Amino acid sequence: MNKVQNNNIKTDLENQFSTESKQWAWSNSFDADIVMIPASHVLDFFGFLKGNGSFDLLMDITAVDYPGREKRFEVVYELFNTTTSNRLRVKVALAEGEEVPTLTKLWRGADWFERETYDMFGIKFTGHLNMRRILTHHQFVGHALRKDYPADRQQECTEAMPIHFDNDPNYVEKDVPGLVPLNIGPSHPATHGTLRVMAELKGESVHRANVELGYLHRCFEKMAETHAYNQVIPYTDRLNYCSAPMNNVGYCKAVETLLDVEIPDKAKAMRVLLCELSRFIDHVVCIGANAVDLGALTGFFHLFSLREKVYTLFEKLCGARLTVSMTRIGGMAQDAPDGWYDDVMQVCQELKKGVSNIERLLSNNKIFLQRTVGVGAISAEDAIEWGYTGPCLRATGVPLDLRKNQPYYGYDQLDFDIPVGSTGDVYERYLVRIEEMKQSIRIVEQICKNVPEGDYTIRDKDIVLPEKKDVYGNIEGLMNHFMLVINGLRPPAGEVYSATEAANGELGFYCVSDGSGAPYRLKVRPPCFAIYQSFPESITGGLVADVIAILGSMNLIAGELDR
Amino acid sequence: MAQARPLPAQQNIDEISKSFAFTTKLDDLVAWGRKNSLWPMPYGTACCGIELMSVMGPKYDLARFGAEVVRFSPRQADLLLVAGTITEKMGPILVNIYEQMLEPKYVISMGACASSGGFYRSYHVMQGIDRVIPVDIYVPGCPPTPEAVLDGVISLQKLIADHKPRPWRDNWVNPYEQSAE
Ligand code: SF4
């Protein structure tokens, strides 16, 4: 289906740009269409695709550095259609010093992605109004994701960035008396992480706002380039640490696509189960934190005892609570212990009760309603324009969920619903999350009742380490273990963009392999990065108190935001 | 006619007072108070911060050790609990917050990242917060289990009760002011 649709688009494009299109090179990799275009065609090309409705959501912008090539950089755009779920990858080759036009005029969501590309590679986007660093600190010299920047060359930052508002150079200084600058974060109880919001207040309302991020930029992508494929898994845990297993799954799925292997049914079921439990606790943390910020401390204690129950399940399964690293490329690390699924079933009952308790506590709570209804509302068009996915997008009424739209791991066999809202305000985001928690429990129960038989991992000796009893028990196991550890797992050269529906929205991994034992480039498309972009706009004009409500409802996880 | 009661001899007073009071050094009394009423300021930046929530939460309950009064203003706290990765960008802010705390103040570094950079040997991660602020207790783990954090707090209480010398604290200078000179 994917291909046919894109064939139409290809024909349309060729009719529209009959002369230019001769320079375009189409290719296909793992069922994804890729087209290479010159930088000079960028605006027309994307303008046409957006204008005729083929692709309305700009998922990701990134770059890859190939120092050996004549044109060293490749800027990569990932497009998505929210109705048909089609994807298209567009690439532009650039030499050092060359620029490419900005897409911020077409999609507002392009803003931060382009800034990040500039920060990491030094590629400038012509016409971008705010080409400043975004993740690394302001005293940083060089561009860290270039291949010639050593992974461990640290640069000291000696002073904190002063409060500033120069994100919008078009802003005309109006003569408003009595403006007070206010700095929130990056260490503030209400930001739940290392977020920094700078606001200019006029009395109680926000006149102008700006955000600064990167306080938790731990260089995930550079670390991935310097580690073997399986060693990257623990790093993925620490992206969205509120739902760590989902990142494991997303990453392994990408590499497995690259290797072209299909994991056994049991592994799929275990992954889905872990993902849904994680989705549950991720929403628990989000709602709990949001409620605490609005003054409902009771919610925190109720909700966190639910989370503790799920953590205990994880602990039983693998020994770790938070950062489980349970997946391996090719399947799972180990099987579930006896009786684990029964435990899960039992906990599900408690979770169900817990969710209804929270509902009783919050859903009709007067204070909660007054603080959330109508606050931070956003229309579906605007949300797509900014690159929203996940619960925040669904709260605006767009029923986009990859578990339904591009089912993977047997989600199409499971019975569950996708809740949607209509106004996209904080209260509806809360409602969508509550409903998703219930649906997740439904999925978990279906799986527990019907766990597939069979192995929990594939047994390809070039991909999966043999079991310890074989390593110590027979020579073949020992040899295979040795070879895999020394050589590493080596996917064939190629590239893939693989996405899963994480708790916050589309979590994409763009992985480029050059046939060696470590990823050549691994880009994460974090869902909350795109959502957070719209934050300054959604708080401008509102009250300071609403800032906190909106911030909490976006569920920003610094690990994933800053990577 | 009332007779003046005879004054008890000096030894007698000691004898009697033992039945309702005990003597100690003032220092010990103060330390006892301090160790049982640590007011932590949680500086949770990353995954460890999420585990720290569990430490505060219902099951592990830090309150049992007298440290439940969580303060988000450094001026009201005497225990800085750094939980999570500190990047170079965050460094100056961390020092700033540490300086704003009033004496006596203590620092617990929770997790591999805060203690040493953890497995992020990378261009933007500070390789341990002890490069910029003095640390009293290091809690190992990635993330440490809540039990380990409780153990860290108990160790700190012991350190306070025993009046352990803290040369790392006494010799500390703000590294950023130094480099600016
Ligand atoms: S020590 Fe581990 S769990 Fe803690 S912040 Fe660092 S990476 Fe996260």
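Mentor: Start with the spacing. The centres of domain 1 of chain A and domain 2 of chain A, taken over C-alpha atoms, are 28 Å apart. Keep in mind that this is a predicted model. The domain assignment of chain A puts domain 1 at 3-126 and domain 2 at 220-562. Domain 1 of chain A brings 32 residues to the contact, and domain 2 of chain A brings 29 residues.

Now the area. Interface size is often quoted as the accessible area lost when the parts come together. Between domain 1 of chain A and domain 2 of chain A, about 2800 Å² is buried. Carbon and sulfur atoms account for 57% of that area. On the domain 1 side, three residues stand out: Phe30(A), Arg108(A) and Trp112(A). They supply 26% of the area that domain 1 of chain A buries against domain 2 of chain A, more than any other three residues.

Next, the charged and polar pairs. Six salt bridges are counted between domain 1 of chain A and domain 2 of chain A. Arg89(A) and Glu495(A) form a salt bridge through their side chains, at 2.5 Å from N to O. The interface of these two domains of chain A also has 18 residue pairs in polar contact, both residues at pLDDT 80 or more.

Which elements of domain 1 of chain A give two or more residues to the side that touches domain 2 of chain A? They are strand E3 (57-65), strand E4 (73-80), strand E5 (87-94) and helix H3 (110-121) of chain A. E3(A) gives the most to that side, with eight residues. By class, the side of domain 1 of chain A that touches domain 2 of chain A has 16 nonpolar, five polar and 11 charged residues.

Zoom in on one residue, Gln533(A). Gln533(A) sits in helix H17 (residues 527-533) of chain A. Is Gln533(A) buried or exposed? Its relative accessibility is 5%, so Gln533(A) counts as buried; the cut-off for buried is under 20%. A polar atom of the Gln533(A) side chain lies 2.9 Å from the backbone oxygen of Gly109(A). Leaving out residues up to four places away in sequence, Gln533(A) touches Arg108(A), Gly109(A), Asp111(A), Trp112(A), Phe113(A) and Trp386(A).

Now step out to the partner chain. In chain A, 50 residues are in contact with 37 residues of chain B. About 3800 Å² is buried between chain A and chain B, with 66% from carbon and sulfur atoms.

Two salt bridges are counted between chain A and chain B. Glu212(A) forms a salt bridge with Lys89(B), and their closest N and O atoms are 3.2 Å apart. Across the interface of chain A and chain B there are 18 residue pairs in polar contact, again with both at pLDDT 80 or more. On the side of chain A that touches chain B, helix H4 (220-225), helix H5 (232-237) and helix H8 (297-318) each supply at least two residues. H8(A) gives the most to that side, with eight residues. The residues on the side of chain A that touches chain B divide into 26 nonpolar, 13 polar and 11 charged.

Methods
Residues numbered from 1 in each chain as written. Chains lettered and ligands numbered in written order. Predicted model: local features only at pLDDT ≥ 70, side-chain atom pairs only at ≥ 80, totals over all residues. Heavy atoms only, no water. Contact = heavy atoms within 4.5 Å. Buried area = accessible area lost by both parts, 1.4 Å probe. Salt bridge = Lys/Arg side-chain N within 4 Å of Asp/Glu carboxyl O. Polar contact = N/O pair within 3.5 Å; in protein donor to acceptor, adjacent residues only side chain to side chain. Helix = DSSP H or I, 4+ residues; strand = E, 2+ residues; numbered from the N terminus. Nonpolar A, V, L, I, M, F, W, Y, C, P; charged D, E, K, R; others polar. Buried < 20%, exposed > 50% of the residue type's maximum accessible area, 1.4 Å probe, protein only. Domains from an automatic or database assignment.
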